[in-house]
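Please read them with the model open.

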Amino acid sequence: MKTSSRTLGDLFDAFKREAFRLETLDDYSKSGNVDAYHAFLAGEPQPDDYNAGWVEELRSHTEKGKRVYRVHILSRPLTNYLRFELGWGYQKNTTGGEEFFILDITDKPNPLENVPDFWFFDSDSVAVMNYDGAGKYLGSEVLPPERTAEFTRYRDAALAHAEPFTEWWAKYGA
């Protein structure tokens, strides 16, 4: 059996049609832009250049007709981190063409219990995202192609139970 040396970065560089992300955690505050999170908690305004690098990458894909979208599984009340991620991150990232959906499991069972965070590219390449218990990113693992049917089911279930972020935010956003 051949071992793949592909990385998450390789998958982002090579996808042709779509990149889907499932987020399952309530707190990623030990990953990404920790300083921005602390600024949010301190009540500071969002900097104009917040997430500029990611927004630029998003545009490089969406302007070519590629779709970048995600579902976040969450429950209310929102954690401080989710208020930050949705209020600052999602709002900003939409300007780059990324689409967001919310699967709100408040008062109902999670249809994707124990499914890990992942990126899924063109329905044929999966990278599972690994985090510690505090939300610190530990790295990703690109899975073998025979696992894609499983992750197709996860993506489809997430989308079937989710609603567009803008509609959800209008009802529950802070």
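1. Start with strand pairing. β1 and β4 run antiparallel and are joined by four bridges. Within that pairing, Leu22 has Phe118 of β4 as its bridge partner. Bear in mind throughout that this is a predicted model.

2. β1 also pairs with β2. Here the sense is parallel, over six bridges. Glu18 has its bridge partner in β2, namely Arg67.

3. How many of the six residues of β1 are buried? Six of the six are, so β1 is largely enclosed by the rest of the structure. In a regular strand, side chains alternate between the two faces of the sheet. In β1, Glu18, Phe20 and Leu22 point one way. Ala19, Arg21 and Glu23 point the other way. Note that Glu18, Arg21 and Glu23 are among the buried residues.

4. Now the charges. The structure holds nine salt bridges. One of them joins Glu18 to Arg155, with the closest N and O atoms 3.1 Å apart. Glu18 lies in strand β1 (residues 18–23) and Arg155 in helix α5 (residues 148–161), so this pair ties together parts that are 137 residues apart in sequence.

5. A second salt bridge to check is Glu98 with Arg70. The closest N and O atoms are 2.6 Å apart. Glu98 sits in the loop between α4 (80–93) and β3 (99–104), and Arg70 sits in strand β2 (residues 67–74), so the pair ties together parts that are 28 residues apart in sequence. Glu98 counts as buried, at 3% relative accessibility. Arg70 is buried as well, with a relative accessible area of 8%.

6. Compare Arg147 and Glu150. They form a salt bridge with the closest N and O atoms 2.7 Å apart. Arg147 is partly exposed, at 31% relative accessibility. Glu150 is also partly exposed, with a relative accessible area of 21%.

7. Next, the largest pocket. It holds about 610 Å³ of space. Its lining has 23 residues. Which of them lie nearest its centre? They are Arg21, Glu23, Gly32, Arg70 and Tyr81. Two of these names have come up already. Arg21 is one of the buried residues of β1, and Arg70 is the salt-bridge partner of Glu98.

8. Which elements build that lining? α1 (8–14), β1, α4 and β5 (125–131) each supply at least two residues. α4 gives the most, with six. By class, the lining has 13 nonpolar, six polar and four charged residues.

9. The second largest pocket has a volume of about 180 Å³. It is lined by 13 residues. Thr24, Leu25, Ile73, Asn110 and Glu113 lie nearest its centre. Its lining divides into seven nonpolar, three polar and three charged residues.

10. Some backbone geometry deserves a look. Most residues other than glycine have a negative phi, and most peptide bonds are trans.

    - Arg76 and Pro77 are joined by a cis peptide bond, with omega about 0°. Pro77 is in the loop between β2 and α4.
    - Asp107 has a positive phi, near 65°. It lies in the loop between β3 and β4 (118–121). At 81% relative accessibility, Asp107 is exposed.
    - Ser123 also has a positive phi, of about 55°, although it is not a glycine. Ser123 is in the loop between β4 and β5. It counts as partly exposed, at 29% relative accessibility.

11. Last, the annotation. UniProt, in an unreviewed entry, places the feature "domain: DUF6879" at residues 8–170. Over that range the chain is 37% helix and 24% strand. The end C-alpha atoms of the range are 33 Å apart.

Technical notes:
Residues numbered from 1 in each chain as written. Predicted model: local features only at pLDDT ≥ 70, side-chain atom pairs only at ≥ 80, totals over all residues. Heavy atoms only, no water. Salt bridge = Lys/Arg side-chain N within 4 Å of Asp/Glu carboxyl O. Buried < 20%, exposed > 50% of the residue type's maximum accessible area, 1.4 Å probe, protein only. UniProt positions renumbered as here; feature names shortened; annotations may be inferred. 1 Å grid on protein atoms, 1.4 Å probe; cavity = no way out; pocket = protein on both sides within 12 Å on 5 of 7 lines; lining within 4 Å. Points joined across faces, edges and corners; volume = space filled by probe spheres on them. Nonpolar A, V, L, I, M, F, W, Y, C, P; charged D, E, K, R; others polar. Pairing = 2+ DSSP bridges.
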